[in-house]
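Please look over the structure shown here, which is a predicted model, and read the report that follows alongside it.

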Amino acid sequence: MSHPPTLFRGTLLLPDREIPGGQVRISAGRITEVGPATSRVADETVIDAADGYIAPGFVDLHIHGGDGGDFMDGTDDAFMKAITSHARHGTTSMAITTTVGSVMNASSASTASRSIRRPGRRPR
């Protein structure tokens with residue numbers, strides 16, 4: 001199923017500069033354009049941040065949990081609580097980090113991680 005392109009407009013935060021009045025175009029799930037605002041394409045969905053910012057998602061390479069959920073708890077509930085909290089605040093990818101614990105704790109964390117990563121399962 002094909003979706004019409006989506007156009008995000010606002011101040012773009014790039015690694016080396018800001019672009020006020022910028023846009024990011026997404027087509028078929030891929031970023032196809034980043035730069036100053038241009039005209040829109042027919043049937044394109046426009047999401048206008050007005051004076052707000054458009055920024056890339058955050059990749060967190062060292063995370064133990066969040067919002068009271070600890071990965072070492074080894075439960076689906078703890079995992080979902082932690083990853084949902086981070087997703088709400090802009091984290092798009094993460095590498096979970098465990099702490100020193102018993103073999104049982106580490107095994108439970110590993111099992112819960114595999115369970116959460118099932119295809120189609122996403123944070124609420």
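## Strand pairing

In this predicted model, strand β1 (residues 6–13) pairs with strand β2 (residues 18–27) in the antiparallel sense, and seven bridges join them. Within this pairing, Thr-6 stands opposite Ile-26 in β2, and the two strands form a hairpin with four residues between them.

Strand β1 is also joined to strand β4 (residues 45–54), in this case by six bridges and with the strands running parallel. Here Arg-9 stands opposite Asp-48 in β4.

## The aromatic pair

When the whole structure is searched, one aromatic pair is found. The ring centres of Phe-71 and Phe-79 lie 4.7 Å apart with their planes at 50 degrees, and the pair therefore counts as tilted, since planes have to be under 30 degrees apart to count as stacked and over 60 to count as edge-to-face.

Phe-71 has a relative accessible area of 0% and is therefore buried, and Phe-79, with a relative accessible area of 2%, is buried as well, the cut-off for this class being under 20%.

## The largest pocket

The largest pocket holds about 250 Å³ of space. It is lined by 13 residues, of which Val-24, Ile-31, Ile-54, Ala-55 and Pro-56 are the closest to its centre. The elements that each give two or more residues to this lining are β1, β2 and β3 (30–36), and β1 gives the most, with three residues.

Technical notes:
Residues are numbered from 1 along each chain as its sequence is written. This is a predicted model: local features need pLDDT of at least 70, side-chain atom pairs count only at pLDDT 80 or more; totals for chains, interfaces and linings use all residues. Side-chain values use heavy atoms; hydrogens and water are left out. Two strands pair if DSSP finds at least two bridges between them. Rings of Phe, Tyr and Trp (its six-membered ring) pair if their centres lie within 6.5 Å; planes under 30 degrees apart count as stacked, over 60 as edge-to-face and the rest as tilted. Buried means under 20% relative accessible area, exposed over 50%, partly exposed in between (1.4 Å probe, protein chains only). On a 1 Å grid over the protein atoms alone, a cavity is a set of points where a 1.4 Å probe fits but cannot get out, and a pocket is an open set with protein on both sides within 12 Å along at least five of seven lines; lining residues have an atom within 4 Å of a point. Grid points are joined across faces, edges and corners, and a volume is the space filled by probe spheres set on the points.
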